[in-house]
Amino acid sequence: MKQPWIHNAKTDWRFILSPPFLVLAIVILFQNQIQNLENHYSFYTWLILIVFVDVAHVYSTLFKTYFIKEEFQKRKLLYLGIPAISLIFGLIFYQFGSLFFWSVLALVAVFHFVRQQYGFMRLYARFEKKGFSKFWDGIAIYSATIFPMLYWIKTPRAFNWFVEKEFNWLDAFPNYIPAITIIYFIILGIWILKTIYFFIKDKTFNIPKNAIIVGTYLSWYFGIVYFNNDLIFTLLNVISHGIPYIALIYIREIEQKETASLKQLSIFKTGFGILLFVLIIIGFAFFEELMWEVLVWREHFSIQSLELSISWQQFLVPLLVVPQLTHYLLDGFIWKNQKK
């Protein structure tokens with residue numbers, strides 16, 4: 001069958017499909033070295049994974065929204081309203097306490113991460129008809145992501161999404177791990193049998209769609225359930241989420257557009273433009289994380305004279321969260337497929 005690549009097989013495999021497989025292979029082969037990195041080079045792993053990948057992918061959204069004049073003018077209310085709503089709700093939620101604030105943000109982040117995997121799956125299934133096969137692909141993606149999160153909530157992990165105890169308020173639920181484990185493997189088994197059945201029946205096999213589903217199962221299960229390690233979780237979580245998103249933005253919003261339609265953004269179509277694209281999103285990310293480090297977290301470096309009181313943080317933290325929350329919320333609108 002003709003495969004529904006976004007760009008082409010080589011590009012899609014390198015930047016969208018392979019990250020979870022490559023990272024998991026590295027994790028399995030080099031566990032001792034990874035532990036050494038976590039123990040002695042935490043600053044560099046934070047800088048590369050969190051700043052240069054996770055936070056940077058948030059700012060790649062600019063190239064689909066705020067940096068495109070016609071797009072911004074067409075949906076100005078959306079692009080101005082979402083940041084304003086993010087700030088208002090952030091200020092309100094922080095009044096209930098910092099743990100409540102971070103717990104709500106963690107739930108929004110988890111929803112965003114789950115929906116991105118579903119979105120990539122649907123993108124690669126865009127030529128398939130609705131029916132039993134498509135239904136079970138969706139069930140499989142949600143099972144691959146939701147089960148590890150439910151497992152995390154009831155089983156102590158050595159990592160957090162944002163802060164400690166962010167999911168503790170869900171501990172009141174009875175122990176559901178045995179039941180959802182059975183459901184998880186039943187769904188996985190049905191999906192595998194379904195895929196084999198349609199391969200034999202129709203002689204079709206959607207390589208990128210199935211790679212997304214398998215990669216999601218592997219990265220979420222091994223990153224959260226099997227391994228209980230902060231750096232391994234970050235590697236599998238951040239790289240599998242951030243790199244494909246950045247690649248999708250560049251492919252769809254720059255590479256596949258006519259130079260004339262890009263106007264001032266046409267510079268990014270060159271070899272130098274790719275480097276410039278990466279430097280811009282990293283620059284935004286570095287500046288944001290610098291503000292977080294200096295004013296809030298103070299984990300890697302700090303300026304003593306800028307230490308702020310708790311009363312200041314109830315305004316500052318919701319303000320600094322605006323880019324991240326805007327990215328989460330905008331993603332629910334900007335990737336909606338047109339009927340064509």
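First, a term for the tour: a cavity here is a set of points, on a 1 Å grid over the protein atoms alone, where a 1.4 Å probe fits but cannot get out, and lining residues have an atom within 4 Å of a point. Grid points are joined across faces, edges and corners, and a volume is the space filled by probe spheres set on the points.

Some ground rules: this is a predicted model, where local features need pLDDT of at least 70, side-chain atom pairs count only at pLDDT 80 or more, and totals for chains, interfaces and linings use all residues. Residues are numbered from 1 along each chain as its sequence is written, and side-chain values use heavy atoms, with hydrogens and water left out.

**Stop one: the largest cavity.** Searching the whole structure turns up 2 cavities of 30 Å³ or more. The largest has a volume of about 90 Å³. To find it, select Phe113, Gln117, Ser219, Trp220, Gly223, Ile224, Phe233, Leu236, Asn237, Ser240 and His241, which line it. Now color helices α7 (98–124), α10 (207–226) and α11 (230–255): each supplies at least two residues of this lining. Helices here are DSSP runs (H or I, at least four residues), numbered from the N terminus. Which helix gives the most to the lining of the largest cavity? That's α11, with 5 residues.

**Stop two: the second largest cavity.** This one has a volume of about 80 Å³. Its lining includes Ile16, Pro20, Phe120, Ala211, Thr216 and Pro244. Again α7, α10 and α11 each supply at least two lining residues, but here α10 gives the most, with 5. By class, the lining has 6 nonpolar, 6 polar and no charged residues. For that count, Ala, Val, Leu, Ile, Met, Phe, Trp, Tyr, Cys and Pro are nonpolar, Asp, Glu, Lys and Arg are charged, and the others, Gly among them, are polar.

**Stop three: Asp137.** Select Asp137 in helix α8 (residues 132–154). Is it buried or exposed? Asp137 counts as buried because its relative accessibility is 0%, where buried means under 20% relative accessible area (1.4 Å probe, protein chains only). Leaving out residues up to four places away in sequence, Asp137 touches Met121, Glu128, Trp191, Lys194, Lys209 and Ile213; contact means heavy atoms within 4.5 Å.

**Last stop: helix α4.** Center on Ile50, where α4 has a kink of about 30°. The bend at a residue is the angle between axes fitted to the seven residues ending there and the seven starting there.

Technical notes: On a 1 Å grid over the protein atoms alone, a cavity is a set of points where a 1.4 Å probe fits but cannot get out, and a pocket is an open set with protein on both sides within 12 Å along at least five of seven lines; lining residues have an atom within 4 Å of a point. Buried means under 20% relative accessible area, exposed over 50%, partly exposed in between (1.4 Å probe, protein chains only).
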